[in-house]
Amino acid sequence: MFKELNPLLHSELRLAIMSILLSVEEADFVYLKEQTKSTSGNLSVQIDKLSEAGYIDVERGFQGKRTRTVCKIAPQGVTAFQEYVESLKTYLNL
């Protein structure tokens, strides 16, 4: 029996963001943009969706005169990601 895949995490870009944040303590917007090869606009929208779901924590501030956005995975995001992986395994017969 297949488990439903979390539609929020099934997006390629949102899955990439979550995967990156699982492997680092925090990541700023520029780093995420470079790693995902995403546009600023698309990345911003996807970060907002993950933040609204409680999967990531986002801190917006300034570094000198420049804005800086830093993302960290939230405990709820870790759980959601683990559940997503377990669901995916049912499709792969693992």
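I take accessible areas from the Shrake-Rupley method with a 1.4 Å probe, and for residues only the protein chains shown count as cover. On that basis the protein chain exposes about 6300 Å², with carbon and sulfur atoms supplying 51% of it.

Notes on the model: it is predicted, so I ask for pLDDT of at least 70 for local features and 80 or more for side-chain atom pairs, while totals for chains, interfaces and linings use all residues. Residues are numbered from 1 along each chain as its sequence is written, and side-chain values use heavy atoms, without hydrogens and water.

I looked up the fold next. The protein chain has four helices and three strands, taken as DSSP runs (helices H or I, at least four residues; strands E, at least two) numbered from the N terminus. Along the sequence I read α-β-α-α-β-β-α.

Then I turned to helix α3, residues 40–52. Its buried residues (under 20% relative accessible area, 1.4 Å probe, protein chains only) are L43, Q46, I47 and L50. They sit on the same side of α3 because they cover an arc of only 105° around the axis, counted from the directions from the helix axis to the C-beta atoms. Their cover includes α1, α2, β2 and β3. After α3 comes G54, with a positive phi near 85°.

Of its 20 residues, M18, L21, L32 and I47 touch the most other members. The largest share, five residues, comes from α1.

Conventions:
Expected span 1.5 Å × (residues − 1). Buried < 20%, exposed > 50% of the residue type's maximum accessible area, 1.4 Å probe, protein only. Contact = heavy atoms within 4.5 Å. Core = buried A, V, L, I, M, F, W, Y, C linked by side-chain atoms within 4.5 Å.
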